[in-house]
Amino acid sequence: MRSIFALAIGLILVAAARAQGAVTVSVDRDTVVQGEVFRITVQASGERIGEPELPEIEGLQIDPDPVYRSLQTSIVNGQMSANKLRGYNAVALQSGTVTIPPIGVQIADGIVMSQAVTLTVLPERHGVSNRRGGAGSGPVSLDEVLHLTVDVEKREAYQGEPILVTFTLWAMGGSQVRQIESEFPDTTGFYAIPREPEQMDRGIDTVRDGRQYTAVHWEQTIYPTRTGELEIGPWIWHGVLVPPNTMRARNMDLITDPVRISVKPLPEPPERFVGAVG
């Protein structure tokens, strides 16, 4: 008799739970790379469904704004029910095993909890994932995603000889970049035209090392005013980077190495040279 009574109580509880609703949580893949974006989907069914209550999870960052929303309703025997989906982008911040704890959703007059979900996070071997394709596709470091270069047309010159210097900011395709401050190199020992490098474009799409980049160029012509080993100082850049396929902004402090220019004295004028050419 007791067993029949217990079974009846169990069936009543199951029926009550079904009547209230259900919540399931899923991920688009159960193994991700650290720093890689993946999708968390919360599905809730029942009556009067609220929004998911996203927990704070150590080692995981979840964008609270859903990247997609779906709501379907139906009426069966005069009873209305709904099926609500919410999709969230997330990024794993550390390698190892990460557990998404039960997520609660208000359904009817109560909170219904999902089951926990376990995720395996592989180490970020090279930084962030690049899915632009091409020979250089695959994980890359932040230094490859955003970096500076300083190119000079010659490393040896005569005193007073013009030298074109090109400054380039390279941002991998799909990145979002915001400059906060840029300090161009000190050119002591040179006469520079213009005094500050001039921006030549707003960004040119190009391929470098098999990967897609947007390159912004600045140019300046410098004239050595004395002989010896002169130096173009470092270019210092501060800004914010959101790498491709992630949603996490990163503060970036970039600095180039100094560039050395060997400056020779003007050669002795030939005999009978009177200071005029032509």
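Over the ring of which residue does the charged end of arginine 208 sit? The legends below describe close-up views of a predicted model.

**View 1. Arginine 208 and tryptophan 170.** The charged end of arginine 208 sits over the ring of tryptophan 170, at 4.3 Å from the ring centre. Arginine 208 also takes part in strand pairing, where its bridge partner in E19 is arginine 211. The two strands involved, E18 (residues 204-208) and E19 (residues 211-224), run antiparallel and are joined by five bridges. Two residues lie between the strands of this hairpin, and aspartate 209 takes a positive phi near 55 degrees there.

**View 2. Lysine 264 and tyrosine 158.** Here the charged end of lysine 264 sits over the ring of tyrosine 158. The distance to the ring centre is 4.5 Å.

**View 3. An aromatic pair, phenylalanine 167 with phenylalanine 184.** Seven aromatic pairs are found in a search of the whole structure. In this one the ring centres are 5.3 Å apart and the planes stand at 70 degrees, so the pair is edge-to-face. Phenylalanine 167 belongs to strand E15 (residues 163-172), while phenylalanine 184 is in the loop between strand E16 (176-183) and strand E17 (190-199). The pair links distant parts of the chain, with the two residues 17 residues apart. Phenylalanine 167 counts as buried, at 1% relative accessibility. Phenylalanine 184 is buried too, with a relative accessible area of 15%. Ring pairs link Phe167 and Phe184 with Trp218 and Trp235 in a cluster.

**View 4. The largest nonpolar core.** This core has 32 residues. Those with the most contacts inside it are Leu146, Leu169, Ile232, Trp235 and Ile261. Several strands supply at least two residues each, among them strand E13 (146-152), strand E20 (228-232) and strand E23 (259-264). E15 gives the most to the core, with seven residues. Another core, of 25 residues, lies apart from it and includes Val32, Ile49, Leu60 and Ala90.

View 5. Side chains of opposite charge can pair when their charged atoms come close. A search of the whole structure finds seven salt bridges. In this view the side chains of aspartate 109 and arginine 48 meet in a salt bridge, at 2.8 Å from N to O. Aspartate 109 lies in the loop between strand E8 (104-107) and strand E9 (110-113), and arginine 48 lies in the loop between strand E3 (37-46) and strand E4 (60-62), so the pair ties together parts that are 61 residues apart in sequence. Aspartate 109 counts as exposed at 71% relative accessibility, and arginine 48 counts as exposed at 53%.

**View 6. Glutamate 161 and lysine 154.** The side chains of these residues meet in a salt bridge, at 2.9 Å from N to O. Glutamate 161 counts as partly exposed, at 24% relative accessibility. Lysine 154 is partly exposed, with a relative accessible area of 23%.

**View 7. Glutamate 231 and arginine 260.** Glutamate 231 forms a salt bridge with arginine 260, and their closest N and O atoms are 3.4 Å apart. Because glutamate 231 lies in strand E20 and arginine 260 in strand E23, the pair ties together parts that are 29 residues apart in sequence. Glutamate 231 counts as partly exposed, at 31% relative accessibility. Elsewhere, salt bridges that share partners join Glu51, Lys84 and Arg86 into one network.

Notes:
Residues are numbered from 1 along each chain as its sequence is written. This is a predicted model: local features need pLDDT of at least 70, side-chain atom pairs count only at pLDDT 80 or more; totals for chains, interfaces and linings use all residues. Side-chain values use heavy atoms; hydrogens and water are left out. Rings of Phe, Tyr and Trp (its six-membered ring) pair if their centres lie within 6.5 Å; planes under 30 degrees apart count as stacked, over 60 as edge-to-face and the rest as tilted. Helices (H or I, at least four residues) and strands (E, at least two) are DSSP runs, numbered from the N terminus. Buried means under 20% relative accessible area, exposed over 50%, partly exposed in between (1.4 Å probe, protein chains only). A charge sits over a ring if NZ of Lys or CZ of Arg is within 6 Å of the ring centre and within 35 degrees of the ring normal. Two strands pair if DSSP finds at least two bridges between them. A nonpolar core is a set of buried Ala, Val, Leu, Ile, Met, Phe, Trp, Tyr and Cys residues joined through side-chain atoms within 4.5 Å. A salt bridge is a side-chain nitrogen of Lys or Arg within 4 Å of a carboxyl oxygen of Asp or Glu.
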